[in-house]
Amino acid sequence: MRALANARRYAPALIWLGVIGALTLQPTGGGWRDRNPLCLLCGDRVTTDILLNVALFTPFGAALAHARGGAIDALLISLVCAGLIEAVQMMIPSRDPAARDILTNATGGLAGALAYARLPEWIAASSGWWRR
């Protein structure tokens with residue numbers, strides 16, 4: 001029974017992790033062999049990459065906060081998952097792993113966890129706003 005309850009609690013996070021894997025581990029036309037993967041601000045689309053990476057992990061962080069209840073846990077799990085994804089991308093010739101991706105993905109996980117923690121407050125503050 002307890003295992004089933006845990007599975008249900010973690011299901012949204014695991015499903016979203018599958019979505020992240022499907023989006024980030026498919027071969028593309030690029031490659032990283034001619035770039036420095038440790039450079040945080042290199043590349044043509046730095047701002048776009050940062051925003052997309054944060055947005056990609058925000059739902060994951062919220063789902064982790066729902067399952068585990070802590071922003072630090074969500075941050076650490078997001079950091080580990082992002083690192084593993086980037087390590088796997090190094091084995092895919094047409095993928096572009098970068099340290100920036102790990103940092104921004106973890107930031108997205110933290111943002112999602114913090115937003116999830118504030119959700120009841122936001123709902124309470126917005127209830128009845130149309131009647132004022």
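Predicted model: local features only at pLDDT ≥ 70, side-chain atom pairs only at ≥ 80, totals over all residues.
Residues are numbered from 1 along each chain as its sequence is written, and side-chain values use heavy atoms, with hydrogens and water left out.

**Helix packing**

Two packed helices are described by the angle between their axes and the distance between the axes. Here axes are lines fitted to C-alpha atoms, for helices over the stretch in contact, and angles run from 0 to 180 degrees between N-to-C directions. Helices are DSSP runs of H or I with at least four residues, strands are runs of E with at least two, and both are numbered from the N terminus.

| Helix pair | Angle | Axis distance |
|---|---|---|
| α3 and α4 | about 150° | 8 Å apart |
| α2 and α4 | roughly 45° | within 5 Å |

The crossing of α3 (residues 71-89) and α4 (residues 99-126) is right-handed, that is, the near helix is turned clockwise from the far one by less than a right angle. Contact means heavy atoms within 4.5 Å. Residues of α3 in this contact include A71, L75 and L79, and those of α4 include I102, A106 and L110. By class, the contact has 10 nonpolar, 4 polar and 2 charged residues. Ala, Val, Leu, Ile, Met, Phe, Trp, Tyr, Cys and Pro count as nonpolar, Asp, Glu, Lys and Arg as charged, and the others, Gly among them, as polar.

Helices α2 and α4 are oblique to each other, and their crossing is right-handed. Among the residues in contact are V46, F57 and H66 of α2 and R100, G108 and Y116 of α4. This contact of α2 with α4 has 9 nonpolar, 10 polar and 3 charged residues.

**An aromatic pair**

A search of the whole structure finds 1 aromatic pair, for which ring centres must lie within 6.5 Å. The rings of F57 and F60 have their centres 5.7 Å apart and their planes at 85°, so the pair is edge-to-face (over 60 degrees). F57 and F60 are 3 residues apart in α2 (residues 46-68), which means a separation of about one helical turn. Both F57 and F60 are buried (under 20% relative accessible area, with a 1.4 Å probe and protein chains only).

**The whole protein**

The protein has 4 helices and 0 strands. Buried residues make up 30% of its 132 residues.

Technical notes
Phe/Tyr/Trp six-rings, centres within 6.5 Å; stacked < 30°, edge-to-face > 60°. Buried < 20%, exposed > 50% of the residue type's maximum accessible area, 1.4 Å probe, protein only. Parallel < 35°, antiparallel > 145°, perpendicular 65-115°, else oblique.
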